[in-house]
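Have a look at the structure first, then we'll go through it topic by topic.

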Amino acid sequence: MNRPSTDAKTAMLLAQELHSLSGKLKRRLREQASAGDLTQSQTSVLGHLDRNGPTTVTALARLEGVRSQSMGATVAALEAAGLVKGSPDPNDGRQTILSLTPACVALFKNGRAARTDWLLKAIQTKFTPQEQDQLAVAVKLLHRLVEN
């Protein structure tokens, strides 16, 4: 049986640490601009609409891997909260195209600003200028890691 080399062991430990750290960072960022009392499913739907633009309940259900009826309930709750709105599909009057409301867009914008502000303050207060330079290099490396 082949034993991993020291470099492979080091890479494995680094991979595990990076995975753990990315989860912690994600949780901290989420804390800075919480989505309130939204469920994970509702948050996911809003994220899809924000990233990909308007779509139908059927398309959202496919993306989320749920039945259209289940997605309909999720969307109804988001409509009741004033976060999404429906309009008739110009190509098929039987379909409704869902999009984010201006209030939801503003909520997303404010959330992003709060997360960015938290990161900025944390970087400025927890790292020396030299460490900030090191962080900039690490960010470039992380970009390479996630590129296709």
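Leaving aside its neighbours within four places in sequence, which residues is S99 in contact with? The answer is P54, L83, V84 and K85. Keep in mind as you read on that this is a predicted model.

- You'll find S99 in strand β2.
- S99 counts as buried because its relative accessibility is 15%, and the cut-off for buried is under 20%.
- V84, one of the contacts of S99, has its own list of partners once neighbours within four places in sequence are left aside: L46, L49, V75, L78, E79, S99, L100 and T101.

**The largest nonpolar core**

- The largest nonpolar core has 14 residues, and the ones touching the most other members are L46, L60, V84 and L100.
- At least two residues of this core come from each of α2, α3, α4 (68-80), β2 (96-100) and α5 (102-126).

**Where α2 meets α3**

- Helix α2 covers residues 40-52 and helix α3 covers residues 57-64; their axes come within 11 Å and cross at roughly 115°.
- That angle makes α2 roughly perpendicular to α3, because angles of 65 to 115 degrees count that way.
- The crossing of α2 past α3 is right-handed.
- On the α2 side, S44, V45, H48 and L49 take part, and they meet L60, L63 and E64 of α3.
- Sorted by type, the residues of this α2 and α3 contact are 4 nonpolar, 2 polar and 1 charged.

**Where α2 meets α5**

- The axes of α2 and α5 come within 12 Å, with a crossing angle of roughly 90°.
- So α2 is roughly perpendicular to α5.
- Here L46, G47 and D50 from α2 meet C104, F108 and R112 from α5.
- The residues of the α2 and α5 contact split into 3 nonpolar, 1 polar and 2 charged.
- L46 turns up here and is also one of the core residues that touch the most other members.

**Over at D7**

- D7 sits in helix α1, which runs over residues 6-32.
- Is D7 buried or exposed? D7 counts as exposed, because its relative accessibility is 64% and the cut-off for exposed is over 50%.
- D7 and N148 are 141 residues apart in sequence, and their C-alpha atoms are 24 Å apart in space.

Conventions: Residues are numbered from 1 along each chain as its sequence is written. This is a predicted model: local features need pLDDT of at least 70, side-chain atom pairs count only at pLDDT 80 or more; totals for chains, interfaces and linings use all residues. Side-chain values use heavy atoms; hydrogens and water are left out. Axes are lines fitted to C-alpha atoms, for helices over the stretch in contact, and angles run from 0 to 180 degrees between N-to-C directions. Helices (H or I, at least four residues) and strands (E, at least two) are DSSP runs, numbered from the N terminus. Angles under 35 degrees count as roughly parallel, over 145 as roughly antiparallel, 65 to 115 as roughly perpendicular and the rest as oblique. A crossing is left-handed if the near helix is turned anticlockwise from the far one by less than a right angle, and right-handed if clockwise. Contact means heavy atoms within 4.5 Å. Ala, Val, Leu, Ile, Met, Phe, Trp, Tyr, Cys and Pro count as nonpolar, Asp, Glu, Lys and Arg as charged, and the others, Gly among them, as polar. Buried means under 20% relative accessible area, exposed over 50%, partly exposed in between (1.4 Å probe, protein chains only). A nonpolar core is a set of buried Ala, Val, Leu, Ile, Met, Phe, Trp, Tyr and Cys residues joined through side-chain atoms within 4.5 Å.
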